[in-house]
Amino acid sequence: MINLTGFICDMQFQMDLLTVKINSLEKSMKKLEDFHDEFKDVLKKDIQTHREMWDEVYKRLETIELYNITHQIKRIAQIERDLSTILKCGDLSEIRERLDELEQQKETECSDRPHKCPICNGDGKLPGVLLKNPDSKIEIYKAPCHVCDETGIVWG
Ligand SMILES: [Zn+2]
């Protein structure tokens, strides 16, 4: 009989202990839920901002690669034109003069490096103008930058 009472007391104690633990867990869960509710929008916005940032980086990289290729093609065309001019020269001194000219030109052009366009600040577009479109939404219209051909890059 004594043992049974002891056993029941012990069981009761264990039950109370479990109840305390469950309550504590519930409180922790509630805290986590609150945290999630409070920050889920912030985190979503953060992720979106990062995604946009990386999209922009990739877009600019593509532009740089594309522009580099265009630049190289232009250079090759120029060299081809120069070569045909040289080939038309009959005189060796003329060829030497032309070569000197080309050498100087090459030195100048080889120093060409890409720079952020100072007009549009690398955006490829000029600062925006606020416009109201037909469904009354206000939009920012950005005119294309003609200095850099909308690439955001100038060479020199
Ligand atoms: Zn520009």
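1. A nonpolar core, as used here, is a set of buried Ala, Val, Leu, Ile, Met, Phe, Trp, Tyr and Cys residues joined through C-beta atoms within 7 Å. "Buried" means that 20 or more other C-beta atoms lie within 10 Å of a residue's own; with 12 or fewer the residue is exposed, in between it is partly exposed, and the C-beta atoms are placed from the backbone. With that in hand, the largest nonpolar core in this chain has 5 residues: C120, C145, C148, I153 and V154.

2. A quick word on what you're looking at. This is a predicted model, where local features need pLDDT of at least 70, side-chain atom pairs count only at pLDDT 80 or more, and totals for chains, interfaces and linings use all residues. Residues are numbered from 1 along each chain as its sequence is written.

3. Now zoom out. The protein chain has 2 helices and 4 strands, and from the N terminus on they run α-α-β-β-β-β. Both kinds of element are DSSP runs numbered from the N terminus: helices are H or I with at least four residues, strands are E with at least two.

4. How does the overall size look? The radius of gyration of the protein chain is 36 Å, while a compact globule of 156 residues would have one near 15 Å. That radius is taken over C-alpha atoms, and the globule rule is 2.2 Å times the number of residues to the power 0.38. Along the principal axes, the C-alpha atoms fill a box of roughly 130 × 50 × 20 Å. Of the 156 residues, 5% count as buried.

5. The chain splits into domain 1 (2-112) and domain 2 (113-156), with bounds that come from an automatic or database domain assignment. Their C-alpha centres lie 22 Å apart. Where they meet, 7 residues of domain 1 are in contact with 7 residues of domain 2. On the domain 1 side, that makes 2 nonpolar, 3 polar and 2 charged residues. (Ala, Val, Leu, Ile, Met, Phe, Trp, Tyr, Cys and Pro count as nonpolar, Asp, Glu, Lys and Arg as charged, and the others, Gly among them, as polar.)

6. Take the contacts in the protein chain with a separation of 6 or more: residues 24 or more positions apart account for 55% of them.

7. Is C145 buried or exposed? C145 is buried, because 21 other C-beta atoms lie within 10 Å. You'll find C145 in the loop between β3 (138-141) and β4 (153-155). Leaving out residues up to four places away in sequence, C145 touches C117, I119, C120, G124, K125, L126 and E150.

8. Two residues have backbone angles to check. Most residues other than glycine have a negative phi. N121 is not a glycine, yet its phi is positive, about 60 degrees; N121 sits in the loop between β1 (114-116) and β2 (129-132) and counts as partly exposed because it has 13 C-beta neighbours inside 10 Å. E150, also not a glycine, has a positive phi of about 65 degrees. E150 is in the loop between β3 and β4, and its 17 C-beta neighbours inside 10 Å make it partly exposed.

9. Finally, have a look along helix α1 (residues 2-88), where R81 has its place. R81 counts as exposed because it has 10 C-beta neighbours inside 10 Å. D16 lies in helix α1 as well, and D16 counts as exposed, with 10 C-beta neighbours inside 10 Å. R81 and D91 are 10 residues apart along the chain, and their C-alpha atoms are separated by 18 Å.

Methods:
Contact = placed C-beta atoms within 7 Å.
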